[in-house]
Amino acid sequence: MKTKILFYLLFFQIAHHLYSQTIVKSKLDKLIKVSEAKHSSALIIYENNILVCEQYNSKRQFKKPIEAMSATKSIVGIAVACLLDDGLLNSLDTPVYKFYPEWKQGKKKDITIRHLVNMTSGIQNVLMAPKEIYPAPDFVQLALTAELTDDPGTKFSYNNKSVNLLAGIIEKITGKRMDIYIGSRLFKPLGILDYKWELDSKGNPHAMSGCKIKPIDFVKIGILLLNKGTYNDRVVVSEKYLK
């Protein structure tokens, strides 16, 4: 069974101390009991950028990175925002064929990076990853050779296969494997140093899942977003690209 994560992030913007909100102890106690009953790996709560609750299912959970599962997709999405911020990518509407010329034909020529990020590429989709994706030796090639079932940009479909193609694109843009790029560009400024990333047989990092990260570090991603791209008074990603 995959490790479960219960991840609560509470953040209150306070205009004046008279309007400040505080965490009610009885409700916090109830939440902790729910976390324990669900065998959650971690329960972490911040208020006003201050850690107020950090509880783990076991002592081991405190020390080791755990699987972020599909929340990995959000990390990859932020990495794309970093590419825009650094001028390495001109636009989300850049066609994928700029990086994979074999797509400069048929309807695939209309697929853009935006379509991959927001899952409207139209790429044929099998919802259960274990049926098609995990058995494949090369996740990027699997996405490249997939047929289209919808016109690009016309329909949302939660698509693990299409997201995995971003790993190949990010590497082509940066010259670094996606997980290495994310480690230096995004994680390091957040003080995230202890993490792991699942790779396929070809050596591509998974983009649909596969990032293993400590819960106390994973919460930093939430804080970064709540603070509109700023962490510890440092702009990590410009607000306009997060939007």
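**Salt bridges and a nonpolar surface patch**

D179 counts as buried, at 7% relative accessibility. Buried here means under 20% relative accessible area, exposed means over 50%, and partly exposed lies in between (1.4 Å probe, protein chains only). The model is predicted: local features need pLDDT of at least 70, side-chain atom pairs count only at pLDDT 80 or more, and totals for chains, interfaces and linings use all residues. Residues are numbered from 1 along each chain as its sequence is written, and side-chain values use heavy atoms, with hydrogens and water left out.

The side chain of D179 meets that of R177 in a salt bridge, at 2.7 Å from N to O. A salt bridge is defined as a side-chain nitrogen of Lys or Arg within 4 Å of a carboxyl oxygen of Asp or Glu. R177 is partly exposed, with a relative accessible area of 28%. By this rule the count comes to 11 salt bridges.

D29 and K25 form a salt bridge with an N to O distance of 2.8 Å. Both residues belong to helix α1 (residues 25-37). They are four residues apart, about one turn of the helix. Helices are DSSP runs (H or I, at least four residues), as are strands (E, at least two), and they are numbered from the N terminus. D29 is partly exposed at 30% relative accessibility, whereas K25 is exposed at 59%.

A further salt bridge joins D93 and R114, whose closest N and O atoms are 2.7 Å apart. This pair links distant parts of the chain, 21 residues apart. D93 sits in the loop between α3 (72-85) and α4 (113-117), and R114 sits in helix α4. D93 counts as partly exposed, at 42% relative accessibility. R114 is also partly exposed, with a relative accessible area of 34%. Elsewhere, salt bridges link D85, D86 and R185 in a network.

The surface also carries a nonpolar patch. L127, M128, F156 and Y158 make up this patch of about 450 Å². Patches consist of residues with over 30% relative accessible area and no salt bridge; like charges are joined within 9 Å, and nonpolar side chains (Val, Leu, Ile, Met, Phe, Trp, Tyr) within 5 Å. Accessible areas come from the Shrake-Rupley method with a 1.4 Å probe, and for residues only the protein chains shown count as cover. Y158 lies in the loop between α6 (139-144) and α7 (160-174). Y158 is partly exposed, with a relative accessible area of 37%.
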